[in-house]
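Student: Could you take me through this protein chain step by step, and show me how each answer is reached?

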Amino acid sequence: PVLDTEDAWVSVEGPVSIVELALEQKRVHYPLVEHQFVLCTLLYAIMRLSLKGVKPLSLFDSKGKNAFFKDLTSIQLLPSGDMDPEVLTVRQQFLLKVVSAAVQTLCSSQKDREVSEEEYFPFEKGKNWPTLAADLAQYLQISEDLVRRHYVCELYSYGMDHLGEE
């Protein structure tokens with residue numbers, strides 16, 4: 001971008017402006033940032049839903065693991081469309097665990113006392129964990145329909161038929 005400055009500001013001495021510093025930065029490789037975002041979301045789900053026995057790095061292949069430790073401005077080889085079936089199975093099990101834990105947490109809190117999801121997760125208004133799991137399924141190359149079907153089954157199994165029908 002072209003930054004026009006007034007003549008009065010040209011002769012000013014002092015530290016470099018934040019705009020000039022920002023323009024001097026290297027551009028980030030967006031797919032690598034997106035890859036990091038998926039890891040952060042997985043870690044947050046593990047923490048927030050208290051999932052036990054999950055190894056987050058097991059959800060990625062060797063290329064994916066190596067990409068986590070590279071500079072965000074570097075162009076890295078990210079996982080391609082062909083994935084190891086074992087990694088896909090681990091990913092699928094993880095997403096189903098997220099959905100089950102979210103439904104269980106919501107149902108147990110509502111049985112204790114009539115509490116909405118927003119009240120139980122006060123800092124996450126509007127965050128729907130099963131929908132988030134379905135969105136993550138796209139990034140993790142898992143069928144969204146499988147995650148949604150599991151969500152409906154969990155709702156029915158916890159007696160929330162009216163939500164399952166929707």
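This is a predicted model: local features need pLDDT of at least 70, side-chain atom pairs count only at pLDDT 80 or more; totals for chains, interfaces and linings use all residues.

Student: How many helices and strands does the secondary structure of the protein chain come to?

Tutor: Helices (H or I, at least four residues) and strands (E, at least two) are DSSP runs, numbered from the N terminus. Read along the sequence, the pattern of the chain is α-α-α-α-α-α-α-α-α. The secondary structure therefore comes to nine helices and zero strands.

Student: What share of the residues of the protein chain counts as buried?

Tutor: A residue is called buried under 20% relative accessible area, exposed over 50%, and partly exposed in between, using a 1.4 Å probe and protein chains only. Of the 166 residues of the chain, the share that counts as buried is 31%.

Student: How far apart are the end C-alpha atoms of helix H3, and what span should its residues give?

Tutor: The expected span of a helix is 1.5 Å times one less than its number of residues. Helix H3 covers residues 30–48, which is 19 residues, so it should span 27 Å. The model agrees with this, since the end C-alpha atoms of H3 are separated by 26 Å.

Student: Which residues have the most contacts inside the largest nonpolar core?

Tutor: A nonpolar core is a set of buried Ala, Val, Leu, Ile, Met, Phe, Trp, Tyr and Cys residues joined through side-chain atoms within 4.5 Å. The largest such core here has 29 residues. Those with the most contacts inside it are Leu 42, Leu 51, Phe 94 and Leu 95.

Student: Which helix gives the largest share of this core?

Tutor: At least two residues of the core come from each of H3, H5 (85–112), H7 (129–139) and H8 (144–157). The largest share, eight residues, is supplied by H5.

Student: Which residues does Leu 42 touch, leaving out residues up to four places away in sequence?

Tutor: Leu 42 is one of the buried residues of H3, and a contact means heavy atoms within 4.5 Å. With residues up to four places away in sequence left out, Leu 42 touches Leu 59, Phe 60, Phe 94, Leu 136 and Leu 140.

Student: Is Ile 18 buried or exposed?

Tutor: Ile 18 is found in helix H2, which covers residues 18–24. Its relative accessibility is 68%, so Ile 18 counts as exposed.

Student: How far apart are the closest N and O atoms of Glu 144 and Arg 148?

Tutor: A salt bridge is a side-chain nitrogen of Lys or Arg within 4 Å of a carboxyl oxygen of Asp or Glu, and by this rule the count comes to one. Glu 144 and Arg 148 are four residues apart in helix H8, so about one helical turn separates them. Glu 144 is partly exposed at 23% relative accessible area, and Arg 148 is also partly exposed, at 40%. In their salt bridge, the closest N and O atoms are 3.4 Å apart.

Student: What phi does Ser 50 have?

Tutor: Most residues other than glycine have a negative phi. Ser 50 is found in the loop between H3 and helix H4 (62–67), and it counts as partly exposed because its relative accessibility is 49%. Although Ser 50 is not a glycine, its phi is positive, at about 55 degrees.

Student: Where is Gln 141 found?

Tutor: Gln 141 is not a glycine either, yet it has a positive phi of about 60 degrees. Its relative accessible area is 34%, so Gln 141 is partly exposed. Gln 141 is found in the loop between H7 and H8.

Student: What distance separates the C-alpha atoms of Thr 105 and Leu 49?

Tutor: Thr 105 lies in helix H5 and counts as buried because its relative accessibility is 16%. Thr 105 and Leu 49 are 56 residues apart along the chain, and their C-alpha atoms are separated by 7.8 Å.

Technical notes. Residues are numbered from 1 along each chain as its sequence is written. Side-chain values use heavy atoms; hydrogens and water are left out.
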